[in-house]
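Here is a friendly walk through one protein chain, written for a reader who likes to keep the coordinates open alongside. Please have a look at the model first.

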Amino acid sequence: MILQNGTAQNVYTIKNNIFVDCGKANQVVVGFNNGQTSPNPVWDVEGNTFFANGADGSEAETTKAGQKAGEDIVKNSLTSDPEFADAANGDFTVGESTEQAELETGDPRWLVEYVGTPGDAANLLAEIKEAKKLLKYSMNYYDENNEESPETEGKALVDAIRDAEEKAEGGTSQKKLDKMLEELKQAEIDYTTALMDYELAESEDILAGADPADELAAEIQRLYDTQDVVREDYSNQPKHIKNYADEIDKAQKAYLRKAINELIPEAQAMASDPAVQNALDKANEALEGDSSEDLFDALNGLLEAMETATGIRGIEANETDDAPVYNMGGQRVSSHAKGIVIKNGKKIIRK
């Protein structure tokens, strides 16, 4: 996208191209910005060949394009001659043993099957094992014989694992294996970061209706408050991020199980109401399982069913510390009452 020279709106995506004897004074990338090296445009430049006068020009290209946010704008260039079959007569077929053929860069019309020595897939195979260990929600659905990935939190990682397994089967060049290894590691980071975000979002929902004095709620709050430290310290260490997410999930489940178990006796007393009985059945199913999402839904289902059965539709009250407290039967109780109570129109759980 090119709007106006040197503005922050300019976006340049230049990937996997072959530039040979072209550009103005070897200014291929920087030439897109009219010879400027302004830090304003958004640059995504990777995997290109810059070849001029029979020599690699990537170093000069990197120097001229400069850096943005402390990183080179031009990244991961291919530095060898693409060995065109007959460029003078318009045949730009790349050499069968070149980097360009190996990494499948350039115009697809001129690509050929790579001929070279197969690489060593040991590192990629080891990383595939680590990636499978990381899978949490999607691992139950992962089936190497199923071509379609499930729509779960780990879909992108499952896809990356399958792609890596295909590349590691044999006959793949070392450069492709190394590139796949980088992509798989990035997929692991993306997955664990998404997992962490997922657990933090559930924590927000729990903390919104929790009594701060509850010890388990306090533990969830502590974990929630440490997220910035975890992101900073473990931004590229998927195992640590997953362990952190597991800690949050464990605390959430403990809190939700405790809340449901405290609510069940009151719900059982109202089980003549079909909706309450149905909510009780779902709560018991959730308690037998191991999903914080199911436990959360079961707790909310119980509260809603009991609210409907007792005729409580929410209590209008000012948000003050001395607001009246009610039990699930709608009766006013002590401000220090334990169990499931309603204050300021919100249901809270007290030990």
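Predicted model: local features only at pLDDT ≥ 70, side-chain atom pairs only at ≥ 80, totals over all residues.

Helix α1 spans residues 58-65, and its buried residues are S58, E61, T62 and A65. Viewed along the axis of α1, these buried residues stay within an arc of 100 degrees, so they line one face of the helix. The face turned away from that buried side carries E59 and T63, which are exposed. Just after α1 comes G66, with a positive phi of about 80 degrees.

Strand β4, residues 49-52, pairs with β5 in the antiparallel sense over two bridges. Here F51 stands opposite D56 in β5.

Another open sheet has three strands in the order β1-β3-β8, with parallel pairing. The edges are β1 and β8, each pairing on one side only. Between β1 and β3, which run parallel, there are five bridges. T13 has D44 as its bridge partner in β3.

## Aromatic pairs

The structure holds four aromatic pairs. Two of them are set out here.

| Pair | Type | Centre to centre | Angle between planes |
|---|---|---|---|
| Y12 and W43 | stacked | 4.4 Å | 25 degrees |
| F92 and W110 | edge-to-face | 5.8 Å | 80 degrees |

What does the pair of Y12 and W43 tie together? Y12 lies in strand β1 (residues 11-15) and W43 in strand β3 (residues 42-46), so the pair joins parts that are 31 residues apart in sequence. Both Y12 and W43 are buried.

The pair of F92 and W110 also links distant parts of the chain, 18 residues apart. F92 sits in the loop between β8 (74-75) and α2 (99-103), while W110 is in the loop between α2 and α3 (122-134).

## Helix α6

Helix α6 covers residues 215-225, and A217, I220 and L223 are buried in it. Down the axis of α6, the buried residues fall within an arc of 120 degrees, so they line one face of the helix. E215 and D225 are exposed on the other side of α6. The buried residues pack against α5 (174-208), α7 (227-233) and α8 (238-268). At the start of α6, D214 has a side-chain oxygen that comes to within 2.9 Å of the backbone nitrogen of L216.

## Nonpolar cores

The largest nonpolar core has 35 residues, and those with the most contacts inside it are Y244, Y255, L256, I260, V276, L299 and L302. The elements giving two or more residues to this core are α5, α6, α8, α9 (274-288) and α10. The largest share, eleven residues, comes from α8. Leaving aside residues up to four places away in sequence, L302 touches I260, L263, I264, A267, V276, A279, L280 and A283. There is also a second, separate core of 19 residues, among them L184, A187, Y191 and L195.

Which helix holds S292? S292 belongs to helix α10, residues 292-310. With a relative accessible area of 4%, S292 is buried. The side chains of S292 and E202 are joined by a polar contact of 2.8 Å. Apart from residues up to four places away in sequence, S292 touches E199, E202, D249, Q252, K253 and L256.

Definitions and conventions. Residues numbered from 1 in each chain as written. Heavy atoms only, no water. Phe/Tyr/Trp six-rings, centres within 6.5 Å; stacked < 30°, edge-to-face > 60°. Helix = DSSP H or I, 4+ residues; strand = E, 2+ residues; numbered from the N terminus. Buried < 20%, exposed > 50% of the residue type's maximum accessible area, 1.4 Å probe, protein only. Arc of directions from axis to C-beta. Contact = heavy atoms within 4.5 Å. Polar contact = N/O pair within 3.5 Å; in protein donor to acceptor, adjacent residues only side chain to side chain. Pairing = 2+ DSSP bridges. Core = buried A, V, L, I, M, F, W, Y, C linked by side-chain atoms within 4.5 Å.
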